[in-house]
Protein chains: 2
Amino acid sequence: MALTTAKGLRDQNGLTEEEFLAQYDPGDYERPSVTVDMLLIGPKKDLSGLRILLIKRGGHPYLNCWALPGGFVHPDETCYEAAKRELSEEAGVKDVFLEQVYTFSKPDRDPRTRVMSVAYIALTSKTVPVRGGDDALEAAWFDFEYTDSQIHIFNEDIGVDIVYELSTKRFKNGHIKYPNLTPTLKSKTRLAFDHVEIIIEAMKKIRKEIEYTDLPFSMAPVKFTLPDLQVIYELLLGHKLYKANFRIMVADRIEALGEKTKSIVGRRMSEVYMLK
Amino acid sequence: MALTTAKGLRDQNGLTEEEFLAQYDPGDYERPSVTVDMLLIGPKKDLSGLRILLIKRGGHPYLNCWALPGGFVHPDETCYEAAKRELSEEAGVKDVFLEQVYTFSKPDRDPRTRVMSVAYIALTSKTVPVRGGDDALEAAWFDFEYTDSQIHIFNEDIGVDIVYELSTKRFKNGHIKYPNLTPTLKSKTRLAFDHVEIIIEAMKKIRKEIEYTDLPFSMAPVKFTLPDLQVIYELLLGHKLYKANFRIMVADRIEALGEKTKSIVGRRMSEVYMLK
DNA sequence: ATAATAGTGTCTTTCAGACACTATTTT
DNA sequence: AAAATAGTGTCTGAAAGACACTATTAT
């Protein structure tokens, strides 16, 4: 382990750093478990909507409830690396955009023991089928509709339908106030733990970041057409865009490849682009 | 502890949730320690600059280095509550704006043991003097200058001067790229741990949020004049604003109280306002 | 041929940026 | 009276929003 202070410097107990580290007992403080949880979303193949990956819980607590994919952070990895590993293990997703959102730390958010969760946004260009039920782990893609007033997560094949209503409440921080979305369960089925709140926080971040980053490009294949990219923007933002204005907006970030393909959403040939 | 699933539901071992929780052993996973660290900043009394609170480390590692205030998250509190408590204990700061920024989790960021840190922005309207050196804890306010190319933290009374140069590097995330600031130490003294990176991440967030939140108001007293508020905006943003434009921008968020005071930065009477 | 949609032109509105001026207050 | 600064009016240009038109392609 690398030393951080001058070699000979001694503390109030007369120890050098090397001596201090050798005798240090990490058991002095009670430690929480730390997990990562991912909001993994991607477009449906025909770009008619978004999908979210959920994992069915095979054990207590929230037995049989659907939950965001995630898992414990190992001793030798960062949270980012843990999120990457879990996505690969649980969803078979490799090339993925990953960004930290928020750390959830209510002491009772997991009834087993103290568990903090570092939440991540994970965006993928395709929602490839996941194996289901071969081990304890059952994973599936759900249709995901997110509006200002509602979260709707459903999968008709499995017969699962989860609805949360969203209402705006104002909170105080210091002497300034700001609005926050509060979910209310409207269906029989619910999501496990505080995972609705993770979804809300992640979607808030996504919508904000779309304005000044290339984030929606991570939901498009490397080569894409503008009609398709526009639909991806619209899915993430939750509203329609004007074609001409959209093209002006992205113009200086893309380059034409001089090819044409049939776009997914339209029925005609259109120019193929890449992100610069 | 509240149950999360239907009372009788049994898992693959035939246990109800109640039975499961009773036998659950939390020792199965290796757990990190979790701390909170705060970027506590506020304006100098004459609004001529910003100040940041630092704590001198009295023990290994980084013995005698200055560090962001912070501490361990207790078993019964959220990270937010821990941050609030530590600010009150270490800096005597009560009414403060507090917002989570980012969770730092490199396995070797603390040489003692695995320590994750949840970073917070803390904004206060006055940098009240802190007691120094009465217990193991020595705290002091430092002048804080943050530009696109440099972080400068200094206190001439104590004789401490810390400089980091900032350069922009591009990183890849999935198949999109985005820029990030990387610090290089330019002074003899350094900050403890990865606390420079916390400062960079927090300032990035502050500058972004100024555009669409009331964040700078948390550095002003409840009643303020517009010349003073404008200077606070300029300190946080790092550049000058046009008076007329600034007033249009904040116009619909403030209300005049019908009083006048001498503004801090000017030498004339000016109208007193409050945040709506 | 017809319908759909890819792609572009352009008008309007809004807002940020910039400067100039008047009014008030301190020294 | 002079200097400084509080407070307001207004011009400009860039960008967002909105609509209309032409060109191309699938059926």
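## Strand pairing in chain A

In this predicted model, Leu54(A) stands opposite Ala140(A) in β7(A). Strand β2 (residues 50–56) of chain A and strand β7 (residues 138–146) of chain A run antiparallel and are joined by seven bridges. Strands (E, at least two residues) and helices (H or I, at least four) are DSSP runs, numbered from the N terminus. Two strands count as paired if DSSP finds at least two bridges between them.

β7(A) also pairs in the antiparallel sense with strand β8 (residues 150–155) of chain A, over four bridges. Here Asp143(A) stands opposite Phe154(A) in β8(A). The hairpin that joins β7(A) to β8(A) passes through three residues.

## Surface near DNA strand C

Around DNA strand C there are 21 residues, of which Pro227(A), Ala244(A), Gly266(A), Ser270(A) and Glu271(A) come nearest. Two or more residues each come from α4 (226–237), α5 and β13 (269–275) of chain A and from α5 of chain B. A residue is near a strand if its C-beta atom, placed from the backbone, lies within 6 Å of it.

By class, this surface has eight nonpolar, five polar and eight charged residues. Ala, Val, Leu, Ile, Met, Phe, Trp, Tyr, Cys and Pro count as nonpolar, Asp, Glu, Lys and Arg as charged, and the others, Gly among them, as polar.

## Surface near DNA strand D

DNA strand D is surrounded by 21 residues, the closest being Pro227(B), Ala244(B), Gly266(B), Ser270(B) and Glu271(B). α5(A) gives the most to this surface, with four residues. The surface near DNA strand D comprises seven nonpolar, five polar and nine charged residues.

## Basis

Residues are numbered from 1 along each chain as its sequence is written, while chains are lettered from A and ligands numbered from 1 in the order in which they are written. The model is predicted: local features need pLDDT of at least 70, side-chain atom pairs count only at pLDDT 80 or more, and totals for chains, interfaces and linings use all residues.
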